[in-house]
Structure formats: C-alpha cells, structure tokens
Amino acid sequence: MTGAHRGIGFAIATALLERGASVVVGGRDPAQFGDLHRRLDQIAPGRVYGCAADLTTGAGRATLIAAAPRINILVNNAGGFTNVVDTLTSTEDEWNEQLHLNLTVPFLLCQAVLPQMIDRRWGRIINIGSVVAAAPQLGNAIGYVAAKSGLVGFTRQLAAEVAAHGVTANVINPGTIKTEHLGEYFDASGVSEESLASGIAVGRLGRPGEIAAMVPFLASEQGGFTTGAVIDINGGAVSA
C-alpha cells in the first residue's frame with residue numbers, strides 16, 4: 001500500500017496486519033521508511049515488506065512492486081495537499097503536480113498490478129479519495145479537488161473493466177480526519193479544527209481508524225460483490 005507512514009495510511013496498514021495480511025509499504029525518505037518498517041513490524045513481525053521509493057517516478061513504483069512476493073490487494077492512499085490554491089492563482093506546475101500525485105500515480109500502480117490479479121482471477125483495489133469529490137468548498141487546492149473527483153470516475157470505470165476477472169475496485173472518500181497532515185494544513189491555511197468540526201453533523205473530526213475499519217472488508221472474500229462503490233465516511237458532513 002502507499003502513504004502508510006502516518007494518519008489514515010498507517011491505520012489501514014495496521015488494520016490489515018491485525019487481520020493476517022502481509023503488507024508492502026514504502027517511503028520516499030530512507031530514514032522515514034526505516035521508522036515505518038520498525039513500527040509496523042512490531043505489530044506483525046515478519047509480515048512487513050518494502051523499501052525506500054519515490055512513487056512519483058517509474059523506478060520508484062517498480063522497486064516497490066518488486067518488493068512484494070505477489071500483490072492481491074492494492075491500497076492507493078498516498079496524496080494530499082498543504083497549500084490552498086484556487087483556480088485563479090494556481091500555476092500550471094501546481095495543477096500538474098496535484099494531478100500526478102493524486103490521480104496519475106494511483107492509475108499507474110493499478111495498471112502495474114492488474115495483470116497478476118487478472119491471471120489469478122482475484123484482486124482488490126481500494127483507492128482513498130476525499131470528501132471534496134462530492135462537496136468542494138473554499139480552502140482546498142483546485143488541482144487536488146480535480147484529481148480526487150477524477151479518482152472516482154477512474155475507479156468506477158476500472159471496476160467495470162475487471163469485474164469479470166474476479167477483481168474489485170472501490171473508492172473510500174474520507175471526510176475531515178484528524179491526522180498529522182491535517183495539522184500541517186491548519187498551520188499553512190489558518191483554518192482551525194473548531195471551524196471544520198462545526199460543519200460536521202457528529203460535531204467532531206474523524207479518526208484514522210474509522211476510515212481504516214472499512215478496508216479489511218473490501219479486501220476480503222466477503223467484499224467480492226462490492227465493486228464500483230464510492231463509500232463516503234464523513235460524519236454526516238455530506239449526504240447524497
């Protein structure tokens with residue numbers, strides 16, 4: 001899986017390990033990856049694999065995939081943004097960077113693992129999106145919103161293409177979750193936790209474990225009839 005160093009990603013990796021899966025993780029920084037590997041290995045000794053790899057590069061993606069004996073489940077969680085950028089002020093580079101990280105990299109990783117899943121006639125792809133795909137609002141980065149919206153469309157199309165091969169593809173769209181990354185956003189934007197919580201029906205931010213809890217089901221045999229789904233977990237902030 002990608003983006004496992006902290007927050008939602010670390011919670012997902014933990015949930016999968018606790019249910020018996022082996023997990024392959026990566027980190028761009030070798031020191032960061034070493035710390036991640038040590039923390040996860042304490043949960044499930046001998047079932048954590050991975051390497052230091054920059055997933056925005058072809059070489060990095062190939063290195064991470066090669067670290068796995070085989071891939072039955074792919075969780076695309078890496079992504080996000082820190083700086084608020086609107087349509088008027090965004091540069092083309094900022095736009096392209098957000099699309100690449102939050103949409104193109106998940107697409108390329110799916111493309112890389114699909115042949116082996118199709119050959120085995122079993123696979124689970126779980127893409128982590130965002131509430132912004134259904135409810136854009138001020139205070140986002142325009143490229144991020146476009147990418148997360150695109151991730152929904154891509155995943156639904158992918159689900160239709162691979163369903164006959166025993167492979168499922170779903171999107172989880174978290175609402176506002178209290179993570180380290182969100183803290184960085186608070187610092188950069190001046191937005192407060194209280195102001196965000198006031199717009200959520202349950203009156204608080206979400207917890208990483210509340211997102212992670214959905215992943216083992218989608219990755220299981222029992223999840224085989226759930227595909228092309230967009231699962232919103234946002235504390236009632238948005239209802240379709």
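## Cysteine burial

A residue counts as buried when its relative accessible area is under 20%. By that cut-off cysteine 51 is buried in this predicted model, because its relative accessible area is 14%. Cysteine 110 counts as buried too, with a relative accessibility of 1%.

## No disulfides here

How many disulfides does a search of the whole structure find? The answer is zero. To qualify, a pair of cysteine sulfur atoms has to lie within 2.5 Å.

Let's look at the two cysteines in turn. For cysteine 51, the closest cysteine sulfur belongs to cysteine 110 and is 18 Å away, so the pair is too far apart for a bond. Starting from cysteine 110, the closest cysteine sulfur is that of cysteine 51, again at 18 Å and too far for a bond.

## The open sheet

Now to the strands. Four of them form an open sheet in the order E3-E4-E5-E6, and their pairing is parallel. Strand E3 (73–76) and strand E6 (230–233) are the edge strands, each pairing on one side only. From one strand to the next, the twist averages 20°.

Which strands does helix H4 touch? Helix H4 (residues 92–120) packs on the sheet and touches E3, E4 and strand E5 (167–174). The direction of H4 makes about 175° with that of E3.

Technical notes:
Residues numbered from 1 in each chain as written. Predicted model: local features only at pLDDT ≥ 70, side-chain atom pairs only at ≥ 80, totals over all residues. Heavy atoms only, no water. Pairing = 2+ DSSP bridges. Helix = DSSP H or I, 4+ residues; strand = E, 2+ residues; numbered from the N terminus. Axes fitted to C-alpha atoms, helices over the stretch in contact; angles between N-to-C directions. Contact = heavy atoms within 4.5 Å. Buried < 20%, exposed > 50% of the residue type's maximum accessible area, 1.4 Å probe, protein only.
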